[in-house]
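Look at the chain as a whole before you look at any detail.

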Amino acid sequence: MPASKKFSRDQLASTALELADEKGLDALSMRSLAARLGTGPMTLYNYVDGRDGLESLVIEAVVRHAAYPPEPAADWREEVRTLAESYWTTIRRHPQVVPLMVARRTTDEPTLDFGERMLEALARSGRSGRDLLVAFRLVTGFIVGFAQGEAAGETFSLVGGSADEVIERGRTLPAERYPRVVEIATASAQGDRAEEFRAGLDLLVAGLSAQARPASA
């Protein structure tokens, strides 16, 4: 009878995410994860296939915390909004991990479950095949891109200064030459990221709805 495993996949994933949140992705390794778990690095190779496996675990740990209603909304537009906002709210809690989610494509169950449910919602707009693919890429690109822009200001030393510094420079530009830049810089300084996300999502869904088949819900 095979020996029982010392660690569960959930335990490994949660601990790897804790490390990434606390110290950044560069600090995440088989050695650092093993130290946090109180075991030797070689033990982890029974569970994880090196660095690629660690990164997949971290993404899985993030996505599985996204909470969706058990039943889809009756209107596909509302379903898209609900899924998108839940996914964005979840990943923005982990700014250190967002760049990894941009760079990697994973096939863990939580990611696949989200993808399937979003695809089903978009298919209810009358799309299939290539049109469904384009719509899916548009929505997921908006979600992750919005999170990436927000995370960059929190996790990296940006060329040109912090996000607040760049916004302030925009506000003080000559208004007669750059009136719209000054306008959006002022709006950004006074704005709320969640409100901006929802407003952008509304624009996106409106565009998708405008080209939906008349028979769609």
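A nonpolar core is a set of buried Ala, Val, Leu, Ile, Met, Phe, Trp, Tyr and Cys residues joined through side-chain atoms within 4.5 Å. Buried means under 20% relative accessible area, exposed means over 50%, and partly exposed lies in between (1.4 Å probe, protein chains only). This is a predicted model: local features need pLDDT of at least 70, side-chain atom pairs count only at pLDDT 80 or more, and totals for chains, interfaces and linings use all residues. Residues are numbered from 1 along each chain as its sequence is written, and side-chain values use heavy atoms, with hydrogens and water left out.

Start with the core. The largest nonpolar core holds 55 residues. Met118, Leu122 and Ile143 have the most contacts inside it. Which elements give two or more residues to this core? They are helix 1 (9-23), helix 2 (30-37), helix 4 (50-63), helix 5 (76-91), helix 6 (98-103), helix 7 (109-123), helix 8 (129-155) and helix 11 (193-210). Helix 8 gives the largest share, 10 residues. Helices here (H or I, at least four residues) are DSSP runs, numbered from the N terminus, and strands (E) need at least two residues.

Now zoom in on Ile143. Leave out residues up to four places away in sequence, and Ile143 touches Ala84, Tyr87, Trp88, Ile91, Phe114 and Phe197. Contact means heavy atoms within 4.5 Å.

Next, the charged pairs. A salt bridge is a side-chain nitrogen of Lys or Arg within 4 Å of a carboxyl oxygen of Asp or Glu. How many salt bridges does a search of the whole structure find? The search finds 17.

Take Asp10 and Arg64. Their closest N and O atoms are 2.7 Å apart. This pair links distant parts of the chain: Asp10 sits in helix 1, and Arg64 in the loop between helix 4 and helix 5, 54 residues apart. Asp10 is partly exposed, at 45% relative accessible area. Arg64 is partly exposed too, at 25%.

Compare Arg117 and Glu79. Their side chains meet in a salt bridge, N to O 2.6 Å. Arg117 lies in helix 7 and Glu79 in helix 5, so the pair ties together parts that are 38 residues apart in sequence. Are these two buried or exposed? Arg117 is buried, with a relative accessible area of 17%. Glu79 is also buried, at 2%.

Arg193 and Glu196 form another salt bridge, at 3.4 Å from N to O. Both belong to helix 11, three residues apart, so about one helical turn separates them. Arg193 is partly exposed at 31%, and Glu196 is partly exposed at 28%. Elsewhere, Arg51, Asp52, Glu55 and Arg104 are linked in a network of salt bridges.

Finish with helix 4. It has 14 residues and reaches 21 Å from its first C-alpha to its last. That is close to the 20 Å expected at 1.5 Å a residue, where the expected span is 1.5 Å times one less than the number of residues. Helix 4 is mostly covered, with 12 of its 14 residues buried. Among them are Gly50, Gly53, Leu54 and Glu55. What do the buried residues of helix 4 pack against? They pack against helix 1, helix 2, helix 5, helix 6 and helix 7.
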